[in-house]
Amino acid sequence: MNDYEDATAFLGEWGRFQQQVFFLLCLSIVPNGFMGMSIVFVADTPPHRCLIPAHVNLTAAWRNSSIPMEEESHGDALVPSKCARYKLEDVLSFSNRGLLPGVDVNLSNVPTESCLDGWEYDKSMYISTIVSEWDLVCDDRWKHPLTSSLYFCGVLTGSFVSGQFSDRYGRKIVLFITMAVQTVFTFIQVFSSSWTMFCAMFFVVGFGLISNYVAAFVLGTEILGPRVRTVFSTAGATLFFGAGYMLLPLFAYFVRDWRMLLLGQALASFLYVPLWWYIPESPRWLLSQGRVEDAEAIVRDAAKRNKIEPPPVIFNPLQKDLQCEKRKAHNICDLLRSRNIRWISVTLWLVWNTVTIGYFALSLNTANLHGNAYFNCFLSAVVEMPAYALSWVLFRWCSRRLSLSSSLVMAGLFLLFIQLIPANLIYLATTLEMMGKFAVTIAFSIVYAYTAELYPTVVRNTAVGTCSMASRIGSIIAPYFIYLRSYSISLPYILMGSITALSGLLSLLLPESYGMPLPDTISHMQNFPGCCQKTPYIPTHTEEQEHAAERKSPVDP
């Protein structure tokens, strides 16, 4: 035996051990869907107008006419100004003299001023958001997209740091430490006394959220067998993430104060503490560190749970290449060291960037769509469920490269078509946006699993974390794509549609991983077009049998 898959084939693929790992890792991902999108409600901007102090003695006519009318940024209708009022001193003078607005006074000649006394917010949708609490509107409206961007800066940092920590110290310990970080700092956020403090805590929450997601994803990919691994990486993890996302609008509908919403998230996350005793470390990672005895102990325990008698010797002499490489410390520089891995890494970074822009921009935009914000968010989450299911079907039976490329091109086309829809067909435009979200969600699900398959065990967590880190440039600027709506409602869709379609074409350059075993060392990686590996990875006879069986019959947990 010269391969991990051969050594552990006696365990089977869907015993009690694999079922436990599968469902517990999926369960650990639910809070990520809930917390990751909570900013949609926590930082939504309620309808608002300049505050006219109650103690100012104005007649009802002048109080109702104290706000000037202006055209909407993307329409011809007149609406009350959100950032200006008629000069209060003049309005008070007209009111005291008994003059009527629009009759005795031409309002177009009355000077205006900024909202010197603050704003009043419509509370029919929310009791409180961070926007209404700290007045992140008008001259301070730039802070609104920056809030999300700082969160994604934390995600970027977590993607960079956690991957290397996980490859060095273990998947399991990083998973649970970062889950604790996410929970504790969400709890601290509840007591934020300023926007600055909120953003500082939000940065750390982003750090913890992506770190535990990537660790759980890689842990499941390495422990589970080939067929169940496909289900986990393309459907299991993503469906449970989508389930958390679906719970968000339902919970937010009943908890309309942003502090209580975050408190509920934090308290619920403490329920995951017992999982520490039921989720094992990755035997693959232990082998890469030379800890053969620890890896054998986990596999023997798995055999006991599955009621299977293990062989006397499991991992000896196993993974000769890996045992040689274990002594070498791997880091992010290895992703750029050779020509082959360098081109794969750069291409994946660009694709991840585009997928992240599309996914998060469309998710954050749900509050701006026509209709109820809670329903739109729920609809955006529901759309992801069939997308995750379809991504599993594509990943199970179709080319990884073609599946990723076609979903990205389709997403781009749907978004580009939105600008062609007449303004009166609002629901058709919303349908196209949801179809774009459906397609980009398929791409998001596939690219995670595809990336994990392309990279070897010795750098897999670092590689997935680095791809996630590179993509965060996209997620950081995604809120500003939505911000462009204030200038042109079509501009975000034109930009997102164009770069998404182009990224789909770029992804065709990536090597195919369908039907191939997971590489353990860098020399086992598939070739990028125009690059040649010195030692190609030739599947063993057992692996060929496994992948032949995998193509014939799916595993449906």
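**Serine 513**

I began with the contacts of serine 513, where contact means heavy atoms within 4.5 Å. Leaving aside neighbours within four places in sequence, I found serine 513 in contact with Arg400, Tyr450, Glu453 and Leu454. Serine 513 and leucine 454 are 59 residues apart in sequence, yet their C-alpha atoms are 6.5 Å apart in space. Serine 513 belongs to the loop between H20 and helix H21 (541-552); helices (H or I, at least four residues) and strands (E, at least two) are DSSP runs, numbered from the N terminus. Is serine 513 buried or exposed? Its relative accessible area is 3%, so I noted it as buried. For these words I used the following cut-offs: buried is under 20% relative accessible area, exposed is over 50%, and partly exposed is in between, with a 1.4 Å probe and protein chains only.

**What I am looking at**

This is a predicted model, in which local features need pLDDT of at least 70 and side-chain atom pairs count only at pLDDT 80 or more, while totals for chains, interfaces and linings use all residues. Residues are numbered from 1 along each chain as its sequence is written, and side-chain values use heavy atoms, with hydrogens and water left out.

I then looked at the whole protein chain. Its secondary structure comes to 21 helices and six strands. Of its 557 residues, 57% count as buried. Among contacts between residues at least 6 apart in sequence, 81% join residues at least 24 apart.

**Helix H20**

Next I checked the length of H20 (residues 491-506). With 16 residues at 1.5 Å a residue, H20 should span 22 Å, and its end C-alpha atoms are 23 Å apart, which agrees. The expected span is 1.5 Å times one less than the number of residues.

Which residues of H20 are buried? I listed Pro492, Tyr493, Met496, Gly497, Thr500, Ala501, Ser503 and Gly504. They cover an arc of only 160 degrees around the axis, so they sit on the same side of H20; the arc is that of the directions from the helix axis to the C-beta atoms. Leu502 and Leu505 are exposed on the other side of H20.

**Helix H9**

I repeated the length check on H9 (residues 195-223). Its 29 residues should span 42 Å at 1.5 Å a residue, and the end C-alpha atoms are 42 Å apart, which agrees. H9 is mostly covered, with 24 of its 29 residues buried.

**Helices meeting H18**

I turned to H18 (residues 426-454) and its packing with H16 (residues 373-397). Their axes are 8 Å apart and the angle is about 45 degrees. Axes here are lines fitted to C-alpha atoms, for helices over the stretch in contact, and angles run from 0 to 180 degrees between N-to-C directions. H16 and H18 are therefore oblique to each other; angles under 35 degrees count as roughly parallel, over 145 as roughly antiparallel, 65 to 115 as roughly perpendicular and the rest as oblique. H16 passes H18 in a right-handed crossing. A crossing is left-handed if the near helix is turned anticlockwise from the far one by less than a right angle, and right-handed if clockwise. The residues making this contact include Leu379, Val383 and Tyr388 of H16 and Phe438, Ile442 and Tyr450 of H18.

H10 (residues 226-254) also meets H18: their axes come within 9 Å and cross at roughly 130 degrees. That makes H10 oblique to H18. H10 passes H18 in a right-handed crossing. I noted Ser233, Thr234, Thr238 and Tyr245 of H10 against Lys437, Ser445 and Ala449 of H18.

Valine 382 lies in H16. Valine 382 and tyrosine 245 are 137 residues apart in sequence and 8.6 Å apart in space, C-alpha to C-alpha. With a relative accessible area of 30%, valine 382 is partly exposed.

**H2 and H8**

How do H2 (residues 16-36) and H8 (residues 171-189) pack? Their angle is about 30 degrees and their axes are 12 Å apart, and H2 and H8 are therefore roughly parallel to each other. This crossing of H2 and H8 is left-handed.

**Two positive phi values**

Most residues other than glycine have a negative phi. I looked up two with a positive value. Aspartate 135 has a phi near 50 degrees and lies in the loop between H6 (130-134) and H7 (143-169). Cysteine 138 has a phi near 55 degrees and lies in the loop between H6 and H7. Aspartate 135 is partly exposed at 25% relative accessibility, whereas cysteine 138 is buried at 8%.
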